[in-house]
Amino acid sequence: MSVFTTTLNQIAFLFGFIVIGYILVKLKVLPENSATVLSKLENTVFIPALVMGTFIENFTIERIGAAWSLLSVSFIIACIAIPFSILVSKLVIKDKYIQNIYTYGLSFSNFGFMGNAVVSSLFPDMFFEYLIFTLPLWIFIYLWGVPRLLIADSGKKQTFKELLKSFVNPMFVAMLIGMVIGLLNIQLPKWSISLIKVSGDCMSPIAMILTGVVVSSISMKETFSNVRIYIVSIIRLIIMPTVFILAASFFIIPETTYICALCSLAMPLGLNTIVIPSGLGKDTTEAAGMAVISHLLSCITIPLIFSII
């Protein structure tokens with residue numbers, strides 16, 4: 001019971017920031033473009049700082065040795081989850097655009113914003129391994145998820161050069177810099193270490209406030225009466241982690257790899273289904289509803305899953 005309570009308290013703490021973001025928008029304390037500003041801060045400053053600091057501290061020869069197990073399991077899970085997500089989405093709804101939204105949400109959880117926040121809080125000693133574990137997921141997102149599902153029907157088709165360019169983003173660059181500094185054991189000035197650490201500490205609260213800002217623009221009545229959203233959320237939050245737990249019982253999986261995999265699978269539906277389509281002028285009502293319901297349900301499902309294991 002203590003595991004459930006501890007995890008629930010941490011999730012409730014994070015969810016409190018979602019509520020703060022929601023209230024600030026409703027009270028018009030934050031301007032209309034808050035989501036854009038906060039998203040840019042997250043993606044260009046706070047997440048890269050967290051990633052860089054983690055790799056500077058942990059990227060050593062000894063810890064690299066376990067990377068193959070993490071990458072292999074992550075790749076296998078993605079290869080199974082994607083076809084399953086496509087099938088489920090086709091069964092749930094016929095509309096192609098909504099199908100793509102559901103497919104993306106089921107294939108890729110909020111393992112970035114929410115996952116980073118949960119893992120860094122509950123399993124700080126495993127955060128480096130978690131970042132390694134999610135690398136194949138980011139590759140699938142850049143090469144297939146975003147171009148094929150989120151912008152494919154917008155009239156814009158990505159070239160191979162554009163796909164490669166998508167990898168040159170602040171988080172990936174920060175990871176490479178952190179790898180070099182950590183591997184070569186380069187000693188940085190104290191002020192720069194403090195700057196990186198404090199910036200990284202801002203990641204979790206800002207990510208949750210951003211979620212609250214995003215969901216503040218949708219109709220709660222329509223959202224809570226949409227049965228499809230509940231179906232997809234339950235599959236994402238309960239069925240997929242449970243299937244992994246059962247399947248993993250037949251194999252010998254290192255504990256760290258097991259925890260990293262479960263953390264990525266147990267997270268709610270991601271926010272890219274809102275941020276990217278909104279930038280293309282598409283309707284994000286369904287996607288925002290998915291974010292609201294899945295994040296609400298995750299306050300119970302995440303603590304429950306970790307108390308069970």
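Biologist: What is the relative accessible area of Thr-285?
Modeller: This is a predicted model, in which local features need pLDDT of at least 70 and side-chain atom pairs count only at pLDDT 80 or more, while totals for chains, interfaces and linings use all residues. Residues are numbered from 1 along each chain as its sequence is written, and side-chain values use heavy atoms, with hydrogens and water left out. Buried means under 20% relative accessible area, exposed over 50%, and partly exposed in between, with a 1.4 Å probe and protein chains only. Thr-285 therefore counts as partly exposed, at a relative accessible area of 35%.

Biologist: Which helix holds Thr-285, and how far is its C-alpha atom from that of Ser-219?
Modeller: Helices are DSSP runs of H or I with at least four residues, strands are runs of E with at least two, and both are numbered from the N terminus. Thr-285 lies in helix 17. Ser-219 is 66 residues away from Thr-285 along the chain, and the two C-alpha atoms are separated by 8.0 Å.

Biologist: How many helices and strands does the protein chain contain?
Modeller: Helix 17, which spans residues 285-308, belongs to a chain with zero strands. The count of helices in the protein chain is 17.

Biologist: What radius of gyration does the protein chain have?
Modeller: The C-alpha atoms fill a box of roughly 55 × 50 × 45 Å along the principal axes. The radius of gyration is taken over C-alpha atoms, and the globule rule is 2.2 Å times the number of residues to the power 0.38. For 309 residues this rule gives a value near 19 Å, so the protein chain agrees with a compact globule at 19 Å.

Biologist: What percentage of contacts with a separation of 6 or more joins residues 24 or more positions apart?
Modeller: A contact means heavy atoms within 4.5 Å. Among contacts in the protein chain with a separation of 6 or more, the share from residues 24 or more positions apart is 85%.

Biologist: Which residues touch the most other members of the largest nonpolar core?
Modeller: In soluble globular proteins, nonpolar side chains tend to be buried together. A nonpolar core is a set of buried Ala, Val, Leu, Ile, Met, Phe, Trp, Tyr and Cys residues joined through side-chain atoms within 4.5 Å. Of the 91 residues in the largest core, those touching the most other members are Phe-55, Ile-141 and Phe-244.

Biologist: Which residues does Ile-302 touch beyond four places in sequence?
Modeller: Ile-302 is found in helix 17 and is buried, because its relative accessible area is 0%. Ser-89, 213 residues away in sequence, is 23 Å from Ile-302, C-alpha to C-alpha. The residues that Ile-302 touches are Thr-7, Ile-11, Ala-266, Met-267 and Pro-268.

Biologist: Which residues does Tyr-104 touch beyond four places in sequence?
Modeller: Tyr-104 lies in helix 5 (residues 96-107) and is buried, since its relative accessible area is 3%. Ile-141 touches Tyr-104, together with Phe-108, Phe-111, Val-146 and Pro-147. The residues touched by Tyr-104 are Ile-141, Gly-145, Val-146, Leu-149, Leu-150, Asn-272 and Thr-273.

Biologist: Is Asn-116 buried or exposed?
Modeller: Asn-116 has its place in helix 6 (residues 113-122). Not counting residues up to four places away in sequence, Asn-116 touches Leu-50, Phe-111, Phe-127, Tyr-130, Leu-131 and Met-203. With a relative accessible area of 4%, Asn-116 is buried.

Biologist: What is the phi of Lys-28?
Modeller: Most residues other than glycine have a negative phi. Lys-28 sits in the loop between helix 1 and helix 2 and counts as exposed, because its relative accessibility is 73%. The phi of Lys-28 is positive, near 60°.

Biologist: What is the phi of Asn-185?
Modeller: The loop between helix 10 (170-184) and helix 11 (190-201) holds Asn-185. Asn-185 is exposed, because its relative accessible area is 56%. Although Asn-185 is not a glycine, its phi is positive, at about 55°.

Biologist: What is the relative accessibility of Glu-32?
Modeller: Glu-32 has its place in the loop between helix 1 (2-26) and helix 2 (34-58). Its C-alpha atom is 9.7 Å from that of Ser-217, which is 185 residues apart in sequence. Glu-32 counts as exposed because its relative accessibility is 85%.
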